[in-house]
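Student: I've just loaded this one and I'd like to go through it piece by piece. Can we start with a bit of strand pairing?

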Amino acid sequence: MKSVKIKQLIEKIEGEAELDFTFNDGLIEDVKINFGFYRGIEEILRGKDARDALVITPRVCGICNHAHLLAAVDAIEDGYKKAGQNIVLSSKAKDIRAFTLACELIQNHIKWFYMTIFPQLEAYVEVKSEVNYAMKATYLASTITKALAIFAGQWPHSSYAVPGGVTCDPTHLDVMQAQSLVDESIRFFEQVITGLSLDDYLGIDSVSSLGKIEGDFGNLLYMMGSHHMSEIGQSYDRFIVFGECGLSKAGKSIVTNVSNVDVRYVKEALQEGTVAKAVSYKERLYEVGPLARGMVAKTPIVKSLHKRYKDSLLTRVFARVHEVALLLDYSKTLLQNLELDAPSCTLERGTELSDFEGTGVVEAARGSLIHTTTVKNGLITNYEIITPTQWNLSHGNEKEQGIAIKAMVGSKTMEEATFIFRTFDVCSVCTTQ
Amino acid sequence: MKIAEKKALKRESIIQTALQLFSTNGFHKTTIPDIATKLQMSVGNLYNYFSSKDILAQEIIKYTSEALGEKIRVVNMMDVSAEEKIHKIVTVYFTMAQDKPEMIEYFLRVYLSNREVFKDGCDGMVCVSGFITEIMIFFDDSVSSGELRNQDFFSAFGLFMGYLGGMVFLKGEEVLPKGIEFYIDDISRNIYNALKA
Amino acid sequence: MFITPKPTLLWLQAITCNGNTHSFLNHPDLFSILSHFEIVHHPSLESSYTMEDVINGEVPCDVLILEGSFIDEGFLKAGVEVSSLIHTYATKAKHIISAGTCATFGGIFKQKDPENISGFCFDLEEKTSRYDTYASKLISLPGCPMHPKWMSYVLLMLAANKKIAIDNLHRPVELYGYTVHTGCTRNEYFEWKIDTKNYGLKEGCLFYEQGCQGPYTRGSCNKILWNDISSKTRAGTPCFGCTEPTFPKASLFHTQTNMGIPAKMPLGVPRRAYLTLTGVVKSFKIKRFTTRLLEYDE
């Protein structure tokens, strides 16, 4: 019995991380995940005007900035409500926010699918194709973020969501252009990613019909299947979702039992040896992200995969790619039903509150994102951000190892473990803020 | 002297004469021939300079506004406190009311009382912008230096200019027991106290 | 036949959110632009060297793209100070592009530790101690993030061996000679000093109340559109001045005014000139600017 420690630098994860592996008897026994630099966004916000969070917090992360904006505005609106000033968003404002968030998620999942998973899997299984995956990724990502920018002005780093609604005032011309970009994205999904019409793809509800999937996703499933990836990467089979939106509902899922959650029971704690803070719910660790959303919402194909392969690497990867289809379908519906004559912003200028505390929750690409703002005399006195990656990548507590660590433990090689690590769609900058 | 310069001088003398007559005799009671006679020029020649009485009236308000604006501009350029500037602006205004009463009288008795004459061409603040601009600059400077309290422009403007205009009006009605210069110190202090940060 | 090797391109990150990386990935002609270079390392694209190679100082570098704010000590990658990596490659490089406001002036992350965090060659508008060493090869592309087409302009000019005209802060004049106000679809409302009544309206200017910094912020956001389709002000969001050394200022959704007069004037416009025009145009009520631009029949 010999314990060996090895350090590995992981790159291209929105920054870098260092993994310290402890091998025992040829198997990984523990992993320490260390992230680099603490940038102090929460501290920077202190003393600033409450609404400045709408500009500053997106700069937590270049790939999920829009989710930060929406969590920040949700926190302010929640604070207004708790202080007695109810804000009722128009259906238009709600739908536009849901649409732009969906676009960002698609962008994110697609970059992860093509720019992380494909190259890493090919390296892992030692197949080298000459496909320019990044070109596919950036084509779809820039198409769908262009649709986002029609409403939000730009991506990355828009601040178009303000308390009471959105700043844009779109016309049918704008909506048509956005629809056309969504259609182009769907065409890409059909012709390049799955080889199936979106409707046919969405009709897949059990493991037995996965064979219908062709295209790049079909290849990926084939490669993962033939390398037994349905047998590795399992964690605690415990999932949590806090954000309510068209695609997700809040709740937690343990094995297959789904129950309610309350964001007040979320706790953040400092961890030794890293600038990332750990997060728990009632002192237990949970996985967040597309797989969690699929489990809590009981998405048929995710449930079917889970029934057979539990929370394995295959299930986790599948859930994330599958969400692209759900999001494309959802964003198309949102645009079709947009009520353009509703007001964009229902909060009158000059009715801003100056003392409140509120919590905003958004389902970002990697899972639940929580912002809490405390405002006195119009200025932020405290700001707390809990990012999805903090849930998945914490070191754990005295009782149990962290979610991603648990998934890596038992691996025979660092290559396998780091591939498992990347299936969580790790974001270095979000973790350390 | 070049023809253009001669013409400019003539134009100014027309404005000054008309200003006198309008403010003493009233706008409607003063005719173009009255002005021409006083200037010893023909009515036809006067029309070469101003094509109508209304246009002449509008040019006069621009002229007086520029003249007052010029003087306030000098105050704005000074490196003194907002409190002192207020004192200087009040002094400028009252001195003008004293030495060239027709200037202020014209504003109060012709410009403000005959709005139909100024409707086309002098909408809003167009013809008094020379003066308004300098007051804006004074407010802007004094607020950014932290000396005056930040507020809406018109709430401050109304307090300042309404007060001064009111005093000059009382002077014109000859109800002030003392010469207007007597009031400069107190009025300046009152304005400063009302507007200070 | 002799083939000239492509210039090598290294994209190196310091204290950043990766916003410039993702902004550039949106470029519609990304791969044809990159085809002029050999990507030796990039934060997310496949590259010919690993991050470990970069850290070991072994990587060739003709063009260095820097993203993120600079700190001398305390930010390490695999045990190596990032500042020393930057010095190593900045010395090797023939051209240095500071991508984004953080790398150029310090940006948002500077506010965490203003004493020690800055841009690489500028600290806000001041030159850093590094300026003299690297100024001759420096191009600044401030913006939070920088626009992908601003980067492609610089890369293509370098690939074509053309000289890029720059201003005193090393910003290309073809990109930063304009203000964000140039080309804003709300310009008529600015001319007539008509403020927007609330957020979420296509009518009205955002300069008077909502904090828009477009008239005094350098950048071509309304000339070269974002994501090829829009801009902040077109979407009703004020310009936050993100290309400026002063970014981010306080109270970004609020115009500081002195008795109703904007405290900061449009770039290069004397206050007296601005206020003279203001007094005049405010005197007119023009119906077209006080009603909705478009009315749909019920």
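Student: In β7(A), which residue is the bridge partner of A:Arg238?

Tutor: First, a heads-up: this is a predicted model, where local features need pLDDT of at least 70, side-chain atom pairs count only at pLDDT 80 or more, and totals for chains, interfaces and linings use all residues. Residues are numbered from 1 along each chain as its sequence is written, while chains are lettered from A and ligands numbered from 1 in the order in which they are written. β6(A) and strand β7 (residues 251-254) of chain A pair in the antiparallel sense over four bridges; two strands count as paired if DSSP finds at least two bridges between them. Look across from A:Arg238 into β7(A) and the bridge partner is A:Ile254.

Student: Which strands are the edge strands of that sheet?

Tutor: Strands of a sheet pair through backbone hydrogen bonds, either parallel or antiparallel. Here three strands form an open sheet in the order β6-β7-β8 (chain A), with antiparallel pairing; strands are DSSP E runs of at least two residues, helices are H or I runs of at least four, and both are numbered from the N terminus. An edge strand pairs on one side only, and in this sheet of chain A that describes β6 (238-241) and β8 (257-259).

Student: What does the twist average from one strand to the next?

Tutor: The sheet in question has the order β6-β7-β8 in chain A. From one strand to the next, the twist averages 15 degrees.

Student: Which residue does a cis peptide bond join to A:Trp155?

Tutor: Look in the loop between α5 (133-152) and β4 (161-162) of chain A. Omega is about 5 degrees at this bond, and the residue joined to A:Trp155 is A:Pro156.

Student: Where does C:Pro145 lie?

Tutor: C:Pro145 has a cis bond too: the peptide bond from C:Cys144 has omega near 0 degrees. To find C:Pro145, go to the loop of chain C between β11 (138-141) and α8 (148-159).

Student: Which pair of chains has the most contacts?

Tutor: A contact means C-beta atoms, placed from the backbone, within 7 Å. Chains A and B don't touch, with their nearest C-alpha atoms 14 Å apart. The contact of chain C with chain B takes 14 residues from chain C and 18 from chain B. Of the two pairs that touch, the most contacts are between chains A and C.

Student: Which element gives the largest share of the side of chain A that touches chain C?

Tutor: In total, 60 residues of chain A are in contact with 54 residues of chain C. The chain A side divides into 26 nonpolar, 17 polar and 17 charged residues (Ala, Val, Leu, Ile, Met, Phe, Trp, Tyr, Cys and Pro are nonpolar, Asp, Glu, Lys and Arg charged, the others, Gly among them, polar). The largest share, eleven residues, comes from α5(A).

Student: How far apart are the centres of the two domains of chain C?

Tutor: Chain C is divided into domain 1 (8-173) and domain 2 (178-284), with bounds from an automatic or database domain assignment. In contact are 15 residues of domain 1 and 13 residues of domain 2 of chain C. Taken over C-alpha atoms, the centres of these domains are separated by 30 Å.

Student: What share of the residues of chain C count as buried?

Tutor: Chain C has twelve helices and 13 strands. Its C-alpha trace spans about 70 × 45 × 35 Å along the principal axes. Out of 298 residues in chain C, the buried share is 54%.

Key:
Axes are lines fitted to C-alpha atoms, for helices over the stretch in contact, and angles run from 0 to 180 degrees between N-to-C directions. A residue is buried if 20 or more other C-beta atoms lie within 10 Å of its own, exposed if 12 or fewer, and partly exposed in between; C-beta atoms are placed from the backbone.
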